[in-house]
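Have a look at the sequence and the fold, then read on.

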Amino acid sequence: MRKSAAPSLRTFGSKSVSVSERLAGPATKTTDENSSIIPSEYSDNSTAKLVYNVVWGKRSTKKHKTFEGDGTLTISSKTATLRNSDGSYLGSSTIKPEEIEIGCRLTIGSNELEIIEQTTGVQLPKRKTDDSEERQESESRKRKANPASFQPYLVLSHSVRKNSASKMNFGLEKQNDFEPLIMPEPPEEHQSKFNPTNRSIKEVNIIPCCARALRPHQREGVQFLYECLMGFRSPERFGCILADEMGLGKTLQCITVCYTLLKQGPYGLNVANRILILAPSSLVDNWCKEISKWLGQLRAFTFQIDSKHKIQDFINAKHIPFLLISYEMFAKHFDELKNVHFDVMICDEGHRLKNQSVKISTLLNQIDCARRVILTGTPIQNDLQEFYALIDFVNPNILGTYSEYKKTYETPILASQQPHASEWVIELGEERAEELNQLTSGFILRRTHDVITKYLPKKQEFVVFCKQTDLQRELIQRTLELYENNDDPANGLQIITSLKKICNHPALINTGNQNDALTEQIRQLVPSWQDMGPFDSGKLCVLDDLLHEMHKRQEKLVLISYHTKTLNVLQEWLNYLNFTNCRLDGTTPTNARNSIVEDFNNPDKDFFIFLLSAKAGGVGLNLIGASRLVLFDNDWNPASDLQAMSRIWRDGQKKEVFIYRFILAGSIEEKIFQRQLSKVALTGCIVDQSSKKEKLKLSNEELKDLFSTQQSNDECATHELLNCQCNGDGLNVQEASETGVQSTSEPSKSLQMDQLSSWQHYKYPIDSNLLAEMCMPNATENIVFIFRNQNDVEM
Ligand SMILES: Nc1ncnc2c1ncn2[C@@H]1O[C@H](COP(=O)(O)OP(=O)(O)OP(=O)(O)O)[C@@H](O)[C@H]1O
Ligand SMILES: [Mg+2]
């Protein structure tokens, strides 16, 4: 018996037409043409039949209706015939086919039914003469004999088994033409542990609406998640990490598995009833949207906490399986949540749990839930301590205590990577790395963009070295002189901060609340704000050209900075130009974030530019309304830049994509970029922001190198660093094989020196055709150098 509730609270159904409205009177016509499940040719073909899977029960006026079983509804011309899952006739009635929608309820004789999904658009094979029907019959006999194993949502999968799929697919419409996805059976070890009473093993089938949408890598991912969460890979372990690159659809893979576990299980009973999904606050609404997008027709209920919807309401509402909550809200409501049992816990952007000592990890560890999934698009293997924290969170104790782990794995592995490590140290390190890999690889899955490139449009990336303005050159010079004159390493951070501000716009020097003597001295150097204009920033000059050209071409732009003060300056400029913009930063209220994203992505809405703070909202966002993205400044950690740049080249993007990284040539930004290119950056952040006060982890020599910026305005130091002999005309690109690089467009890793060598190189004056393609036809005088990479160009 299954209960179905009228949509309430924050529910998601496929239709805004509520069930009660439908029952009450004439059908409300949906405005969304595409949501009609009646094929247009239906009306022209009166002999065609439509078959739907339904749930049915005796008519009642109860709000919370109890259904008795599954069945099918066959519509032929204007007659709808209801049969139960055995095929027995239950009644028929005249209907208006155009009013049938998934999720709607109908009354046929003394029964009421709700439509779950469409099975085929054409007549099904005749009963009793088809293999699959026979099989269906025998399944239903089995089910009668064993009522506990009855699984209501499985009607379609009973009739479309793997073996009979080819027959069933014959003549089906394209949308139904998919390979069913059946989960593996539990291994014996699992069966003896979790099925002591020998219940018969059931096939676990992924529901068609998901299975048909999944990309090949997602089908594998779903199976991986299922096996891990079920404990098939090790009967003691139920957690895993899905670390697919950004934009590969981790959300859909999780939703698919969660829904499967809510409805099915290998031993007949469903595996899960309640699922906790944690996400950064800007992504909570996105999860709801994705659940609605993929499970809409199944009316999977979700619950979000806000002033009207309390945790206690969720606890009472047993029919709502999904609780979606931000990490902050979770911490706030921990006392109420700590006693709720969850069967699955998903931590989106879970690399935030990499630090075991942070409060959220401690709290999450107290939640009673063994099946834990971490989702992250950021590579996690670079820091062995963080790696331990993530693995230990999903599969507690698998690597022992941290001190044991450190002794056995971390220390020997790190020692073997030192430049002068002896042979036996290297050998030991490699051995331990291999062992660690073996222990953990079964619980981690990471795929790169390669698996979806064929579904994505072309992408071009540009590293644009912008020319310093006279004011910027002067200020940089004098700031460095100040540093040299009172050579105190303690001042390193202030100098870095000031230099980075000058790179974005000299006016930023006057912002911020640093009041140390050195910063004060630097402030004295800067003219007053009134004496400065937007074009005192070299990067803004280039941006200005891009903006005007894009405005003409009516393309949308995502403009990202790591600094809100920089966003202020940019926004001020946009407003002055009357360029419509929206903005998401740390101060944007959680409940407003989703609508900002939706409005921007809506092609009918007039938002030209999306200003995004990389720190506040870079992760997880889908900003596919834009075709171009500018990363206005860079971070020490290449993974953060990668996160920010991945917002527009994602599944669902139809337009060609252009990504620009702006770097002020010859400045600290170029040095930071060079550090990113070298392996140094991969070992972790240089600025440690985990403590309240930022600490610099750089040696004096490193600082000196960082400040040894070059002043010439027409050469590109990074190009020189590559030792490249090209003429800077985009030709004579070094062969990838010469550099030892397999692919120039592999976006999985952050950019490396040798990869950059095989990009196209353009020096000043930049080819005008290229500038036109880049949508900045008049920027010649403001650009020193460009590196360009095209993802579909054979080099
Ligand atoms: N099989 C699919 N068919 C069509 N669209 C898809 C498919 N899978 C995912 N998408 C869409 O691709 C977009 C990106 O998916 P999603 O947000 O889940 O990526 P992600 O892996 O979580 O990336 P990130 O690490 O950046 O958060 C979403 O709009 C999603 O609806
Ligand atoms: Mg995501």
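This is a predicted model: local features need pLDDT of at least 70, side-chain atom pairs count only at pLDDT 80 or more; totals for chains, interfaces and linings use all residues.

Seven strands make up an open sheet, paired in parallel and ordered β11-β12-β10-β13-β14-β9-β15. The edges belong to β11 and β15 (444-445), each with a single partner strand, so one side of each has no neighbour in the sheet. Strands and helices here are DSSP runs numbered from the N terminus, with at least two residues (E) for a strand and at least four (H or I) for a helix. Two strands count as paired if DSSP finds at least two bridges between them.

Residues are numbered from 1 along each chain as its sequence is written, chains are lettered from A and ligands numbered from 1 in the order in which they are written, and side-chain values use heavy atoms, leaving out hydrogens and water.

Now back to the sheet, starting with β12. Strand β10 (residues 275-279) runs parallel to β12 and is joined to it by five bridges; isoleucine 275 sits opposite phenylalanine 322 there. Strand β11 (residues 302-304) also pairs with β12 in the parallel sense, over three bridges, with glutamine 304 facing leucine 324. How many of the five residues of β12 are buried? Five of the five are, so strand β12 (residues 322-326) is largely enclosed by the rest of the structure. "Buried" means under 20% relative accessible area, "exposed" over 50%, and "partly exposed" in between, using a 1.4 Å probe and protein chains only. Phe322, Leu324 and Ser326 lie on one side of β12, Leu323 and Ile325 on the other, and both faces are covered.

Elsewhere in this sheet, strand β13 (residues 344-347) and strand β14 (residues 371-375) are parallel partners over four bridges. Isoleucine 346 is set opposite valine 373 in β14.

## Further along the chain

Strand β20 (residues 628-631) has Arg628 and Val630 pointing one way and Leu629 and Leu631 the other way, with all of them buried. Four bridges link β20 to strand β17 (residues 557-561), and the two run parallel. Valine 558 has leucine 629 as its bridge partner.

Helix α24 (residues 638-645) is largely enclosed by the rest of the structure, because seven of its eight residues are buried. Among them are Pro638, Asp641 and Met645.

The whole structure has 23 salt bridges. A salt bridge here is a side-chain nitrogen of Lys or Arg within 4 Å of a carboxyl oxygen of Asp or Glu. Three of them are set out below.

| Aspartate 651 | Arginine 215 | 2.7 Å |

What does the aspartate 651 and arginine 215 pair tie together? Aspartate 651 is in the loop between α24 and β21 and arginine 215 in the loop between α6 (208-211) and α7 (216-230), so the pair ties together parts that are 436 residues apart in sequence. Aspartate 651 is partly exposed at 27% relative accessibility, and arginine 215 is partly exposed at 22%.

Aspartate 470 and arginine 473 share helix α17 (residues 470-485), three residues apart, or about one turn of the helix. Aspartate 470 is exposed at 59% relative accessibility, whereas arginine 473 is partly exposed at 22%.

With arginine 583 and aspartate 585, are the residues buried or exposed? Arginine 583 is buried at 15% relative accessibility, and aspartate 585 is buried too, at 5%. Salt bridges that share partners also join Glu220, Asp244 and Arg447 into one network.
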